[in-house]
Structure formats: C-alpha cells, structure tokens
Amino acid sequence: MTGDVSSPGDPLARHDFGLAGYQPLPGVPDELIGPDGQVRPLWQPMLDHLAVLSIADLTRAIERADLYLRDSGVIYRQYDTAAGTASVERPWPLSHLPVLIDEADWTRLSAALIQRADLLELLMADIYGPNRMVAEGHLPAELLAGNPEWAQPMVGIAPRSGHFLHFVAFEIGRGPDGQWWVLADRTEAPSGAGYALETRVATTRAFGPQLFGPQLHRLAGFFREFRDHLLSMRADPAARVAILTPGPWNETWYEQAWLARYLGISLVQGEDLTVENGRLMLRTVSGLKPLDVLWRRLDGSFADPLELDPASRLGTPGLVSVLRQGGLSMVNPPGSGVLETRAMMAFLPRLAPVLTGAELMLPNIATWWCGDATARQAVMAAADRMILSPALGTGLPYDRMDDPLAAASLTPDALRDRLERDQGRLVAQEVVRLSTTPALVEGRITPRPMSLRVYLARTASGWKVMQGGFARIGATTDPTALAMQRGGGAADVWIISPDHVGGDTLMNRPAGQSGTPEPDELPARAADNLFWLGRYVERSEGMVRLLRARHGRIAESGTGSLPLLDETDQLLESAGLDPADPIPEGLLDTIGRAVTAAAQLRDRFSTDGWAALKDLDKSARRLAQQVTPGDDAAQALSALLRKLAGFSGLVHENMYRLIGWRFLTLGRMQERARNMAGWLAALTDPEADPGGIDLCIELGDSVMIHRRRYAMSSGRGPVIGLLALDPLNPRAIRNQVDGMMDLIRMLPEALVENRLSAPARALLRLQTDLATATPETLDSAALYAVQVRLGEVSDLISERYFR
C-alpha cells in the first residue's frame with residue numbers, strides 16, 4: 001500500500017483506491033459525503049473494498065465486467081450523422097462503480113413515483129376521453145391540437161384492460177442538498193430496463209455480491225411480476241403475447257431482443273402482423289395465429305400507417321382499428337407520448353390536485369410554458385437560470401439534440417423578442433445542478449453528475465417499482481454530457497436494505513402454481529432468416545474449403561499455374577470470389593450476410609452462438625488484411641474452418657429441436673447438397689483434370705473413409721458413389737436430400753388433404769431419382785440438374801412458408 005498523501009482533515013484520507021495514494025480532486029462526490037463532511041455510512045463498505053485493491057486487482061475487476069458485456073454482445077446503436085452513418089454499434093458504456101441508495105430513501109421515492117404514474121394514467125384517460133382538463137381551462141388546447149405526439153384517432157378508444165399505461169419510466173435527478181426532481185417522464189416506449197439488468201450482472205462481476213449480497217435488492221422479481229401481468233391481460237388464454245420492435249437498426253434493438261428472450265415472449269416486427277376479423281394475427285409458418293397482448297417498443301406514430309403516419313413502413317395497417325374494437329391489449333397505446341411533452345411538466349403540479357386530490361409528492365424540474373404572458377415575465381426576471389427548448393419536444397433537451405438555448409446568452413431585448421415571437425412553441429426550464437456520484441475515471445474516484453432512470457410496471461397488485469434501474473453518468477462535469485449519444489455512461493443502482501432481503505428470481509411462482517409451456521409459434525420472417533442463416537454459414541464453409549484447397553496446392557507446388565487451379569478458379573469465380581485474393585471480399589460478404597440474418601434472430605439465438613458468429617466475422621476481416629497466398633493463406637483458412645465448425649456445433653448441438661431448428665438445418669443441408677453437386681459436376685467431368693477427383697474427396701472431407709473403403713480402387717465411380725449417392729456419408733448429396741425430406745415431413749401442413757405439399761413433392765421426386773441413380777447415370781449434366789432442382793425446392797419452401 002502506498003503512503004497517504006491526503007490532508008489530515010480529508011474524510012477520504014485513509015483510502016488510496018489502489019493507486020498512487022488518494023489525492024484530493026477538485027470537489028468530492030456529493031453522494032459520497034454527508035452534510036457533516038464525513039463519508040456516508042452507506043458508502044463505507046465500498047470504500048473499504050476499494051482501499052485494499054491493488055492496481056492489478058482493480059484492473060481485473062473492471063476487465064471482468066467489460067468481458068461479460070463483450071461476451072454477451074451488449075451493444076446499443078449510436079447515431080453518427082456527422083460521419084454520414086445512420087447508426088453504428090457501440091459497446092454498452094458501463095460506468096463501473098454503482099450508485100448506492102438507502103432502502104428508506106428509495107421507499108419514499110417509490111411512493112412519490114407511483115403517485116406520478118397514477119396522475120399520468122388519469123391525465124391520459126382524460127386526454128383521450130372527456131378532455132375535461134382542456135374544457136375547464138386547466139390545460140391549453142394547443143398543447144394537444146398542435147402536438148405531434150397526440151394521436152387523434154385514439155380519441156374515444158377505451159383500453160380493454162382498463163388502463164392506458166402499463167410500463168413507465170422517470171428520469172430523476174438529485175441536487176447537492178439531497179432534493180430529488182423529476183427531469184423527464186417516459187411514457188411512450190420506455191427503454192433501458194433490459195440494460196439495467198445486464199448492467200447489474202456486469203457490475204457484480206466487477207465487485208461481487210460479497211459487499212452487500214443479502215442486503216442488495218434484486219431486479220428479477222420486477223420482471224417476473226410484469227411478465228405475469230402481460231400474460232394475465234390475455235382475453236384468450238391460447239393467444240400470444242409479443243414485443244413489437246422497429247427492427248435491428250433501432251438504437252435499443254439488443255435490449256428488445258434480450259427482453260423477449262428473458263421473458264419468454266415473442267419479438268415481432270410490423271410485417272409479422274396482420275389484421276383479420278377485428279383481431280391482430282401473427283404470420284407464422286403454421287398460418288395466422290391470434291396475438292392478444294402487444295408490448296409496443298415502436299414509436300406510436302409508426303404503429304399503423306392506415307390511421308397514424310401513412311409514411312410508416314414499420315407498422316401494421318389496421319392496428320388502431322383492432323384497439324378500437326377491443327381485440328387487443330397494448331402496453332402504452334399510440335399517443336401516450338403526449339405525456340412526455342416538456343410543456344406538460346409546467347401543468348402537472350396544478351393538474352395533480354384536480355385529478356388526484358393531492359399535491360405532487362415529488363416536484364418536477366421547474367418549467368414555464370411561454371405561451372402564457374405571466375410565464376414569459378418570470379423567464380425574463382430569472383433569465384440567468386433558464387434554458388429554452390421546444391415546448392412540444394420530449395425528454396431531456398440534450399437527449400433529443402434539441403439544442404437548448406441558455407436564456408442568459410441573449411440580450412434582454414433579444415430574449416424578449418424571442419419569447420414574444422415563439423410564445424407557445426417554447427418552454428423555459430430552470431437550470432439545476434445535479435448531484436455528483438463517485439465514478440472511476442482512469443482508475444481514480446472522480447465526481448460526475450448523474451441522473452437515474454427508474455422503471456414502474458403495472459402488476460396484479462398495482463404499480464411495482466424496479467428496485468434499482470440505471471444511472472446515467474456524465475462523461476465530464478458538464479450535465480449536458482449525460483446522454484449516451486453524447487458520451488455518457490451507465491451505472492448500476494444498488495438499493496441497500498439494513499436487513500436481509502432474500503432471493504428473488506424470474507422463476508419464482510406462488511405456492512401451488514405450476515407452469516405450462518407456452519406455444520412457440522415461429523414467425524415467417526424468423527423462419528426465413530433461420531433458413532438463410534443455415535445457407536450462408538454452409539456457403540461460407542464451402543468457400544473456405546475451396547480456397548484452402550487452392551492455396552494448399554500453391555504451397556505444395558510453388559506455382560500458381562497448375563491446370564487444376566484453372567478449374568478451381570472457375571469454381572471460385574462462379575461463387576463470386578476473386579481467386580487472386582487469399583480471403584476474398586465475397587467470402588467476407590457471405591459471412592456478413594450470416595451475421596445480418598442472425599441479428600434478426602437475437603431473441604431466438606444463444607449468446608454463445610452469437611458470440612461465435614461475431615468472432616468468426618471479426619477474425620475473417622482481420623485475416624483478410626494480413627495473409628499472403630500459399631501456405632499462409634491455407635493456415636488462416638483452416639483457422640476459419642475451425643471457427644465455422646465451432647459455430648455450427650454450438651448452434652446445432654444446443655438448439656432445441658423445434659421448428660426453428662428444422663428451418664436452420666434445412667438451409668444448411670440445401671446449401672451443402674448444392675455445393676457438392678456443383679463440385680462433382682465440374683471436377684469429375686471426363687474432360688476435367690484428373691486431380692479433380694482427389695480434390696472432390698478433400699472438399700467433401702471424406703479422405704479417411706475413401707481410403708478405407710476404396711484403397712484398391714479409385715476413379716470417378718467410387719467418388720460419385722461416396723459423395724453423391726451414399727446415404728450414410730454426411731457430406732453426400734443423398735444424405736442431405738434424405739435429411740431434408742425427413743425435416744420437411746415435420747413442417748406444418750406438410751400434408752394438405754392427404755397430399756404432400758409442393759416442396760415435399762419436389763424433394764420426394766429428387767430423393768427417388770437419387771436413390772435409383774448409379775455413378776454411371778449421374779454424369780455432369782445430371783449433377784448440374786440436381787443443383788437446379790435443389791434451387792427449385794428452396795424456392796418452393798420460401799413460397800410456402802416465408803411469403
């Protein structure tokens with residue numbers, strides 16, 4: 001331990017945090033030090049823990065957390081318009097030290113937030129119902145009439161469940177004096193709850209539960225009760241529950257897929273849904289299936305192009321009509337974003353007594369709507385403490401890139417002119433200094449401004465507050481740098497009880513209640529992506545095998561002018577690959593297509609499988625910049641082949657043998673059979689180089705079995721028998737077609753009125769022809785015909801199940 005260099009009166013004097021000794025920084029985190037100038041008791045165990053860590057220990061702790069996030073693929077999308085990129089994947093920006101809050105403080109805060117959630121529910125019921133608040137003059141009409149978040153078609157639609165809001169979040173901040181405020185209301189489609197749980201796992205990897213283990217409130221119970229609430233909202237117990245997502249290019253796509261997987265419910269996009277007879281139906285490979293509860297994570301205006309935004313390509317036509325007819329329960333229906341409008345915060349304090357009969361227990365940030373003359377005078381009188389932003393904007397101004405303007409940056413005359421000109425289009429909000437929390441910056445405890453995002457979910461017993469959430473930590477001391485789009489970080493929030501709180505998991509159920517499996521209907525879009533994922537991965541493997549064979553022969557011969565290489569190069573060119581490139585762009589593109597298909601399936605894909613595929617993609621792109629032709633390329637391609645095998649093993653050995661696995665395997669078998677048919681047709685032709693026969697055996701990974709079975713005889717006949725017609729060779733065309741036939745017989749509606757479906761009939765004909773073929777009849781023309789027929793089977797599968 002290094003010597004203490006802090007001053008004797010420093011409350012942190014005995015802590016050096018494993019570095020060169022604690023040195024006083026400009027300011028001390030407000031959350032760390034109490035009014036008496038001493039370390040708050042709540043933080044003492046954390047400081048004691050940090051005090052005994054060496055530099056290496058602290059580094060390893062941080063690396064454990066970061067490794068978990070990397071291995072789990074936890075990312076968000078950051079919009080980068082300056083670089084001309086709509087969005088780019090970024091690692092989840094974990095701030096490694098948690099924010100600690102005492103249970104008693106949290107209990108008081110929770111009660112106030114539940115009151116606010118009830119107020120917002122009552123206000124939404126009024127806005128889309130009798131509209132008494134406007135009629136009686138409590139709320140200006142223009143805050144609705146001109147508001148892009150107000151959904152006029154939703155007026156008069158009463159929610160089937162009896163409640164509009166089921167999942168809300170609040171952005172809250174605390175001042176240095178300990179006073180909490182609500183900074184923003186999140187009612188449209190609150191994001192981040194899944195990230196909160198991933199942040200909890202990562203943080204405990206860093207510092208472990210040993211600090212507060214039995215006293216630390218867990219998060220799983222919050223998700224369990226909300227999931228049970230979603231299931232209870234079904235009018236039809238056989239119907240499905242789903243999360244509606246904008247798709248994989250959304251900023252929080254990872255979280256949406258993670259929640260669907262964690263809660264065991266479907267993740268759907270607008271194109272997966274259709275309306276039939278007043279009900280919302282999910283397009284599955286088994287036909288249309290009713291969907292009864294929808295957790296909307298799509299902007300409300302995009303949900304229905306028929307009645308809301310006609311330019312939307314993300315929604316489902318007729319969705320609002322289903323809500324109108326009571327055929328669906330939705331978690332926060334379209335139009336709930338109107339409650340997030342900044343100008344609403346100017347009126348909520350006065351609406352609370354009218355709607356609830358009580359004053360707000362927790363104030364929101366002081367807000368003035370500049371459409372009111374008295375409010376404009378107040379802004380002029382306190383311009384040095386005000387920022388201006390769009391009245392109908394939502395969330396924190398700096399989050400939405402609304403470029404808030406400091407009123408003090410204008411001259412009094414300019415400010416007066418601006419207020420008079422824009423009036424109701426502006427709000428003024430008081431600038432508040434946010435409390436600072438300890439953050440690890442380059443290994444040192446540093447004060448950083450923070451705000452908390454707290455989640456509330458409606459359950460059978462009313463609103464339940466997540467016992468934590470996540471804190472947004474400023475990248476600098478500037479509070480405008482809280483937003484992740486501006487470089488901010490996210491920290492876990494630990495609610496600490498003085499007593500043991502007991503364990504709570506997602507699986508806990510009331511006594512006597514047993515679980516029954518929910519139907520796993522596969523959306524047609526997901527089946528399409530699974531089928532093509534199998535094809536792209538197998539296609540990549542075929543490319544790698546062909547490239548490795550080429551470079552292995554160059555390494556052996558020392559020349560690139562062998563006759564066999566000409567034929568190999570023709571095969572590579574027909575696959576869209578440049579033979580001169582050791583790892584061609586076409587191979588990278590095919591692996592990238594596999595990643596894109598898998599990205600659409602994050603809710604159905606294991607974390608290990610996703611990590612393996614991303615590692616394959618990263619390795620291939622790295623090697624493409626490094627390897628040279630010949631032995632170097634052959635070794636690199638062998639490494640990629642092993643990674644491909646590792647991915648296939650993870651997926652095919654660990655994936656439950658339901659319908660999704662069948663489509664994935666169908667794609668793999670289809671592509672393997674097509675590859676082999678093409679190779680055999682080209683390389684075993686009588687006019688081809690004789691070395692092509694040995695090359696086919698190598699490409700078919702059948703060297704050992706060929707030597708054992710055909711040690712005394714070789715030539716075209718045995719090779720065709722082994723690689724085309726042998727039902728026991730997993731690389732043979734016949735084996736793949738037999739397997740495809742078995743799988744197709746297990747697909748939905750494989751029999752229609754006791755007749756095989758179109759893809760099954762086409763495959764049966766091909767299977768029969770292969771079963772009766774001989775090496776002599778299966779010449780190059782016949783093998784090319786097999787390729788064509790396999791392509792026709794693929795088209796029939798797509799037509800029958802995906803379109």
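Q: Which residues do ring pairs link into a cluster here?
A: The cluster takes in Phe167, Phe222, Phe223, Phe226, Trp258, Tyr262, Trp295 and Tyr455. Keep in mind that this is a predicted model.

Q: Okay, and how many aromatic pairs turn up in the whole structure?
A: A search of the whole structure gives 20 aromatic pairs.

Q: Pick one for me. How do the rings of Tyr76 and Trp92 sit, by centres and planes?
A: Their centres are 6.0 Å apart and the planes stand at 90°, so this pair is edge-to-face.

Q: And where in the chain are Tyr76 and Trp92?
A: Tyr76 is in strand β1, residues 75–80, while Trp92 is in the loop between β2 (85–91) and β3 (99–102). The pair therefore ties together parts that are 16 residues apart in sequence.

Q: Are Tyr76 and Trp92 buried or exposed?
A: Tyr76 is buried, and Trp92 is buried too.

Q: What about Trp532 and Tyr536, why is that pair called tilted?
A: Because the planes of Trp532 and Tyr536 meet at 40°, with the ring centres 5.4 Å apart. An angle over 60 degrees would count as edge-to-face and one under 30 as stacked.

Q: Where do Trp532 and Tyr536 lie?
A: In helix α13, which covers residues 524–557. Trp532 and Tyr536 are four residues apart there, so about one helical turn separates them.

Q: Got it. While we're on arginines, what does the side chain of Arg240 make a polar contact with?
A: With the side chain of Glu521, at 2.8 Å.

Q: Where is Glu521, then?
A: Glu521 is in the loop between β20 (489–496) and α13. That is the helix that holds Trp532 and Tyr536.

Q: Why does Glu521 count as buried?
A: Because its relative accessibility is 13%, and buried means under 20%.

Q: New topic, cavities. How many are there of 30 Å³ or more?
A: The structure holds five of them. The largest cavity has a volume of about 100 Å³.

Q: What lines the largest cavity?
A: Its lining is made of 13 residues. Pro159, Arg160, Leu323, Met330 and Pro333 are the ones that lie nearest its centre.

Q: How does that lining divide into nonpolar, polar and charged?
A: Nine residues are nonpolar, three are polar and one is charged.

Q: Tell me about Ser312. Where is its place, and is it buried or exposed?
A: Ser312 is in the loop between β10 (287–296) and α9 (319–324). Its relative accessible area is 6%, so Ser312 is buried.

Q: How far apart are Ser312 and Gly542?
A: In sequence they are 230 residues apart. In space they are 40 Å apart, going from C-alpha to C-alpha.

Q: Last bit, the overall view. How many helices and strands does the protein have?
A: The secondary structure comes to 24 helices and 22 strands.

Q: And what box do the C-alpha atoms fill?
A: Roughly 95 × 75 × 65 Å, taken along the principal axes. Of the 803 residues in the protein, 57% are buried.

How values were computed
Residues are numbered from 1 along each chain as its sequence is written. This is a predicted model: local features need pLDDT of at least 70, side-chain atom pairs count only at pLDDT 80 or more; totals for chains, interfaces and linings use all residues. Side-chain values use heavy atoms; hydrogens and water are left out. On a 1 Å grid over the protein atoms alone, a cavity is a set of points where a 1.4 Å probe fits but cannot get out, and a pocket is an open set with protein on both sides within 12 Å along at least five of seven lines; lining residues have an atom within 4 Å of a point. Grid points are joined across faces, edges and corners, and a volume is the space filled by probe spheres set on the points. Ala, Val, Leu, Ile, Met, Phe, Trp, Tyr, Cys and Pro count as nonpolar, Asp, Glu, Lys and Arg as charged, and the others, Gly among them, as polar. Rings of Phe, Tyr and Trp (its six-membered ring) pair if their centres lie within 6.5 Å; planes under 30 degrees apart count as stacked, over 60 as edge-to-face and the rest as tilted. Helices (H or I, at least four residues) and strands (E, at least two) are DSSP runs, numbered from the N terminus. Buried means under 20% relative accessible area, exposed over 50%, partly exposed in between (1.4 Å probe, protein chains only). A polar contact is a pair of N or O atoms within 3.5 Å; within protein, one must be able to donate a hydrogen and the other to accept it, and residues adjacent in sequence count only if both atoms are side-chain atoms.
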